[in-house]
Amino acid sequence: MLIFVTGGSGSGKSAFAESLIVRSGLEKRAYIATMEPFGAEGQARIARHRALRAGKGFVTLERTRDLAGLSVPPGCAALLEDLTNLFANEWFGASPTGAADRVLRGVEHLRSAAALTVVVGNDLFSDGMDYDAETLRYLRALAALGCAVAGLADAVYEVVCGIPICHRKEAAR
């Protein structure tokens with residue numbers, strides 16, 4: 001089963017995604033960390049997320065690129081934190097060409113290896129800013145990737161102010 005959870009920064013999406021994993025009852029839990037830590041702010045975010053996960057039985061697997069090459073325990077509950085960082089790492093660190101396909105293959109790999117996969121994504125599309133052409137190209141590609149993941153997902157949630165809103169929930173495929 002694949003669940004996609006999205007929301008703005010600080011919306012509570014990570015806590016909600018973790019709760020889905022914990023409530024699943026699956027004892028093997030993998031947290032796939034995709035953030036490349038840059039500076040004090042990045043380190044603080046990582047520390048905050050580690051504190052949120054403490055005592056919940058997660059094994060942390062750091063993977064900033066090539067998600068399809070990651071081994072996870074078969075039948076585990078896998079939490080991908082997060083799609084946006086992973087895509088940025090592939091786009092800017094490897095190559096924009098094929099970045100979305102590489103990430104999508106990785107998500108499909110997780111979905112097939114894990115009993116439950118929860119993918120967290122960020123809403124970067126409602127800030128009202130004007131961006132240069134290259135940034136718009138990146139944001140459009142990220143939006144298309146989010147739509148593709150949502151299309152694969154059995155359930156899609158948006159978290160707003162700590163409140164999960166279910167946009168789609170289907171029986172397990």
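Predicted model: local features only at pLDDT ≥ 70, side-chain atom pairs only at ≥ 80, totals over all residues.
Reader: Why is Ile 165 called partly exposed?

Author: The relative accessibility of Ile 165 is 35%, and since partly exposed covers the range between under 20% for buried and over 50% for exposed, Ile 165 counts as partly exposed. Ile 165 lies in strand S7, residues 163-169.

Reader: Why is Cys 161 called exposed, whereas Asp 66 is called partly exposed?

Author: Cys 161 has 71% relative accessibility, and because exposed means over 50%, Cys 161 counts as exposed. Asp 66 has a relative accessible area of 43%, which falls between the 20% and 50% cut-offs, so Asp 66 is partly exposed.

Reader: What is noted about the backbone of Asp 66 and of Cys 161?

Author: Asp 66, in the loop between S3 and S4, has a positive phi of about 55° although it is not a glycine. Cys 161, in the loop between S6 and S7, likewise has a positive phi, near 50°, and is a residue other than glycine.

Reader: What makes the peptide bond from Glu 81 to Asp 82 cis?

Author: The omega of that bond is near 0°, and the bond is cis. Asp 82 is placed in the loop between strand S4 (77-81) and H3, and Asp 82 is also among the residues nearest the centre of the largest pocket, along with Met 35, Arg 45, Asn 85 and Asn 122.

Reader: How do you know which element gives the largest share of the lining of the largest pocket?

Author: Of the 37 residues that line this pocket of about 860 Å³, nine come from H2, and this is the largest share. By class, the lining divides into 11 nonpolar, 15 polar and 11 charged residues.

Reader: What lines the second largest pocket, and how do its residues divide by class?

Author: The second largest pocket has a volume of about 210 Å³, and of the 15 residues that line it, the closest to its centre are Phe 4, Thr 6, Phe 125, Gly 146 and Cys 147.

Methods. Residues numbered from 1 in each chain as written. Heavy atoms only, no water. 1 Å grid on protein atoms, 1.4 Å probe; cavity = no way out; pocket = protein on both sides within 12 Å on 5 of 7 lines; lining within 4 Å. Points joined across faces, edges and corners; volume = space filled by probe spheres on them. Helix = DSSP H or I, 4+ residues; strand = E, 2+ residues; numbered from the N terminus. Nonpolar A, V, L, I, M, F, W, Y, C, P; charged D, E, K, R; others polar. Buried < 20%, exposed > 50% of the residue type's maximum accessible area, 1.4 Å probe, protein only.
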